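Here are my notes on this model. Please read them with the structure open.

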Amino acid sequence: MPVTTLADHTIHVDDAGFLTDPSEWDDGLALVLAEQVGLTLTDEHRAVLTFLREDFRQRGETPTLRRASAGSGVPVKELFRLFPQKPAKKMAYVAGLPKPVGCV
Amino acid sequence: MTSTETATAIVPHFGTDDAPGRKLAIICSKGNLDMAYPGLILANAALGEGVETHLFFTFWGLDMITRATMGDLKFTMLGNTATHMPQGLGGLPGMTAMATSRLKKAIAELDVPDVPEFLEQIVASGGHLWACRLSADMNHLTLADLDEDVEGIISASDFIEKTDGAQLLFI
């Protein structure tokens, strides 16, 4: 399991760079992860990340885009604005969760 | 757990900086409930990966975007050997309704939306819906008969022009 260091945060990641231990995540690391994928976190981003982490804690699975939208109350269109191009993967990465595996 | 220290940070590559403008064109030609889903699922997946996606609804596929039918597509056992049931059974009264409601239930249990809601999600994700001119004319349908998210009724050649350079799926 690779270990990588981002702005003084030493984290365990998979081969692609997604965190493998959600407990290593905190609000400060979120800022660093967001920066890696070209995002500046706002409260809107934070609200989505909070839902993602809570849902993962309860179900042990990263929510898909559809679930993230339904659960956070943020419309799909907004999620594409907040996390452009590849919203489901980007939000999972910034939330310190594995890549989502669901199809829809 | 074995650990390896790496000099450069490992960060996922989302390919947004050098996106080559990948495009996908999906032609939906079937109006059965089970054959509506492959196109919708693939379109949704492509959009989630940042791929520009266009769907062209032609022949029976037009049912997927026609207001009167889009929420009422059906699944039949008839002619579908993959149900592994005797074909004669499929012809009994009520069997198509039963097979349809079972499939709908199975889809809903997986938290996959029904056809109208799925199209809404695809459009919210930036997907484009186009209706086939010939199919619309054959069925005497105008834009008013179609889902409000359909951008236009266009000819096959216009669709080919719009999707210049796209990868193409015919379903």
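1. Some terms first. A nonpolar core is a set of buried Ala, Val, Leu, Ile, Met, Phe, Trp, Tyr and Cys residues joined through C-beta atoms within 7 Å. A residue is buried if 20 or more other C-beta atoms lie within 10 Å of its own, exposed if 12 or fewer, and partly exposed in between, with C-beta atoms placed from the backbone. The model is predicted: local features need pLDDT of at least 70, side-chain atom pairs count only at pLDDT 80 or more, and totals for chains, interfaces and linings use all residues. Residues are numbered from 1 along each chain as its sequence is written, and chains are lettered from A and ligands numbered from 1 in the order in which they are written.

2. The largest nonpolar core has 37 residues. B:Leu55, B:Phe56, B:Phe57, B:Met64, B:Ile65 and B:Ala131 have the most contacts inside it. At least two of its residues come from each of β2, α1, β3, α4, β4 and β5 of chain B. Helices (H or I, at least four residues) and strands (E, at least two) are DSSP runs, numbered from the N terminus. The top contributor is α1(B), with six residues.

3. What does B:Phe57 touch? Its contacts (C-beta atoms, placed from the backbone, within 7 Å) are B:Cys28, B:Leu62, B:Met64, B:Ile65, B:Ala131 and B:Cys132, leaving out residues up to four places away in sequence.

4. Chain B holds an open sheet of five strands, paired in parallel, in the order β5-β4-β3-β2-β6. Strands pair if DSSP finds at least two bridges between them. β5 (150–154) and β6 (167–170) of chain B are at the edges with a single partner strand each, so one side of each has no neighbour in the sheet. Four bridges join β3 (residues 52–57) to β4 (residues 128–132) in chain B. B:His54 has B:His128 as its bridge partner in β4(B).

5. Helix α1 (residues 33–48) of chain B has 16 residues and spans 23 Å from first C-alpha to last. That is close to the expected 22 Å, taken as 1.5 Å times one less than the number of residues. Its buried residues include B:Leu33, B:Ala36, B:Leu40 and B:Leu47. The buried residues of α1(B) pack against α3 (65–72) and α5 (87–94) of chain A, and against β2 (23–28), β3, α3 (95–109) and α4 (115–124) of chain B. Just after α1(B), B:Gly50 has a positive phi of about 80°.

6. Between the chains, 30 residues of chain A are in contact with 24 residues of chain B. β1 (2–6), α3, α4 (76–82) and α5 of chain A each supply at least two residues of the chain A side.

Note on methods: Contact = placed C-beta atoms within 7 Å.
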